[in-house]
Amino acid sequence: MRDIPIDEVDHLDRAVVAIRTDYPPGHRILPHRHRRAQFLYSATGSMRVETADGTWTIPTRRAVLVPPETVHQVFTTTVSTRSLYIEPKAVPWFPRRCQVVEVSALLRELLNEAVGVPDLYAARGRDAAVIGLTLHEIRRSAPVRLDLPLPKHERLRALCESFLDAPDIHDPASAWAGRLHVSERTLNRLFTAETGMGFARWRQRACVLHSLSLLSDGLPIAGIAASLGYESPAAFSTMFTRLLGTSPRDYRAASAL
């Protein structure tokens, strides 16, 4: 199915409802929840999924597992998605919180096939086999740490969300502390208590995760580094490699396979 809201077909007596949806640039899907579990795949473009406790970056050819009844919102570039909405009893192994996963070449082809099956596909036969194998492959997908914790502290969270829209590696802690009317030491204590990491480490991770969508869009690494405030592409590459275990160039090459 294509461009159909899940609410219109959630009642279908099938374990999986597969929908293809295309979104315009800069689109935001407001906070919502699904009764079913969701496997959300970015065939082109990139997305960011945000929940009460964190945000997950989904570059091109990656996917995110969204547990049932999880309130989330989605921020997209120009993106084409493949969503599987799955009855919870069919995926007892689903994670309890969102998780980004790798998507193999086989799973990509299965997803393209899945969105083409009839909404009331036969319980036996090729279409049911495609859906069944797709679930098997999803379960085998390797998790990827592309998450960033977000604080529950209301004013600090507002600052974090604003930063995610335009991250800058040199955004000073003093400015954040001033907006919160606290000292820099208190700011760091608050960050650690709310996110499990200090301000500088959180800022670094936010910048690197933001760069993934820019890499997926094919932007030059030097331009990405400059847009994030790094003094040089080498400085950006060093931080990227430290956090993700691979260079920006190698990451982009692997994503294109």
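## Cysteines that stay apart

The sulfur of Cys98 sits 18 Å from the closest cysteine sulfur, which belongs to Cys160, and that is too far for a bond. Cys207 is in no disulfide either (a disulfide is a pair of cysteine sulfur atoms within 2.5 Å); its nearest cysteine sulfur, again that of Cys160, is 12 Å away. Search the whole structure and you find zero disulfides.

What about their surroundings? Cys98 counts as buried because its relative accessibility is 4%, and Cys207 counts as buried at 0%. Here buried means under 20% relative accessible area, exposed means over 50%, and partly exposed is in between (1.4 Å probe, protein chains only).

## About the model

This is a predicted model: local features need pLDDT of at least 70, side-chain atom pairs count only at pLDDT 80 or more, and totals for chains, interfaces and linings use all residues. Residues are numbered from 1 along each chain as its sequence is written, and side-chain values use heavy atoms, with hydrogens and water left out.

## A strand tucked inside

Strand 1 covers residues 16-23, and six of its eight residues are buried, so the rest of the structure largely encloses it. (Strands are DSSP runs of E, at least two residues, and helices are runs of H or I, at least four, both numbered from the N terminus.)

Strand 1 runs antiparallel to strand 8 (residues 79-86), and eight bridges join them; strands pair if DSSP finds at least two bridges between them. Ala18 stands opposite Leu84 in strand 8.

## A valine in a loop

Look for Val182 in the loop between helix 4 (173-180) and helix 5 (184-195). Val182 is partly exposed, with a relative accessible area of 31%.
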